[in-house]
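The sequence and model are shown here.

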Amino acid sequence: PDGERHIFEGAFRPVTSDEGEVVSLIISGRNITERRERERQLREEQQFTQSLLQSLPDPLYAFDTEGYLLRWNEEFEDVAGYSSDEIEEIHVSEFVPADETDTIRTGFQTIFEDRRSVTIESAVETKTGERIPFELTGGPLEDSEGDIRGMTGIGRDIADRKKYEQRLEALNRASRRLLTAETPQEVADVGVEVARDILDLDANAIHLYDEERSALVPVAVTD
């Protein structure tokens, strides 16, 4: 009467005579409109969550307690260089260089035993063997009963930040050397190293004017 559309689930059971002929049908049904609506909402939420995960610019991951991936986004595949089929069989230790596995193991233990989030820095090793510095965060992943199912987190490429920090450290070292330099030659040596290590000028030289020659003379060059 209200014009609403309802969905029913029905069952039909035949009633037979002594001769085996169907003489009537018993029909039973129940209204499953609310159940179908909940299922529709759940599908929409799952689609929204999946779209959100895939739109993240950083790798997202969820590992089980054994160290195997439960879920990941496309950015994770792009960084690691593995296909989705390959990733399913790879242990977490294979995503990092051998000298970083202890760091990862300690992070997992902290998450599972202390049930708290952690942030660590570790290189990620790609399928081709490239090392990329990452900041990795992770926290406990629990099931509906509150038991630890694994861990979930996100990684951020910090290669540019690391490069900046290295350049800043090199610049500080150069500044200290310049303060103690006593000759033009020492100053030129520092200048060549700064151009190489900070400005990425692998081939460079510093020339000073030689009055006797009336010309610029190289006094420091890169190796």
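## Residue D197 and the overall dimensions

D197 counts as partly exposed, because its relative accessibility is 37%, between the limits of 20% for buried and 50% for exposed. The model is a predicted one. D197 belongs to helix α6, which covers residues 184-197. Between the C-alpha atoms of D197 and R36 there are 64 Å, with 161 residues separating the two along the chain.

In total the protein has six helices and nine strands. Its radius of gyration is 33 Å, well over the 17 Å given by the globule rule for 223 residues, so the protein is more spread out than a compact globule. Taken along the principal axes, the box filled by the C-alpha atoms is roughly 130 × 40 × 35 Å. Of the 223 residues, 26% are buried. Among contacts between residues at least 6 apart in sequence, 38% join residues at least 24 apart.

Strands β1 and β2 form a hairpin with five residues between them. In the turn, G20 has a positive phi of about 90 degrees. The two strands run antiparallel, and A11 has S28 of β2 opposite.

A further set of five strands forms an open sheet, ordered β4-β3-β7-β6-β5, with antiparallel pairing. The edge positions belong to β4 (69-72) and β5 (118-125); each has a single partner strand, so one side of each is left without a neighbour in the sheet. On average, neighbouring strands of this sheet are turned by 30 degrees against each other, direction ignored. Within the sheet, β3 pairs with β7 in the antiparallel sense, and D64 has G150 in β7 as its bridge partner.

| Strand | Partner strand | Bridges |
|---|---|---|
| β1 (residues 8-16) | β2 (residues 22-31) | nine |
| β3 (residues 60-64) | β7 (residues 148-157) | five |

## Helices across the sheet

Helix α4 (residues 101-114) lies across β3, β5, β6 (131-142) and β7, and runs at about 145 degrees to β5. Helix α5 (residues 159-180) lies across β5, β6 and β7, at about 125 degrees to β6.

With 14 residues at 1.5 Å a residue, α4 should span 20 Å, and this agrees with the 20 Å between its end C-alpha atoms. The buried residues in α4 are T101, I104, G107, F108, T110 and I111. These buried residues pack against β3, β5, β6 and β7. After α4 comes R115, which has a positive phi near 55 degrees.

## The nonpolar core

The largest nonpolar core holds 23 residues, and the members that touch the most others are Y61, F63, L69, F76, I87, F95 and I104. Two or more residues of this core come from each of β3, β4, α2 (74-80), α4, β5 and β6.

What is F76 in contact with, leaving aside its neighbours within four places in sequence? The contacts of F76 are P59, L60, Y61, L69, I87 and F95. Of these residues, Y61, L69, I87 and F95 are also listed with F76 among the core members that touch the most others. I104, another residue of that list, is one of the buried residues of α4.

How values were computed. Residues numbered from 1 in each chain as written. Predicted model: local features only at pLDDT ≥ 70, side-chain atom pairs only at ≥ 80, totals over all residues. Heavy atoms only, no water. Pairing = 2+ DSSP bridges. Helix = DSSP H or I, 4+ residues; strand = E, 2+ residues; numbered from the N terminus. Axes fitted to C-alpha atoms, helices over the stretch in contact; angles between N-to-C directions. Contact = heavy atoms within 4.5 Å. Expected span 1.5 Å × (residues − 1). Buried < 20%, exposed > 50% of the residue type's maximum accessible area, 1.4 Å probe, protein only. Core = buried A, V, L, I, M, F, W, Y, C linked by side-chain atoms within 4.5 Å. Rg over C-alpha atoms; globule rule 2.2 N^0.38 Å.
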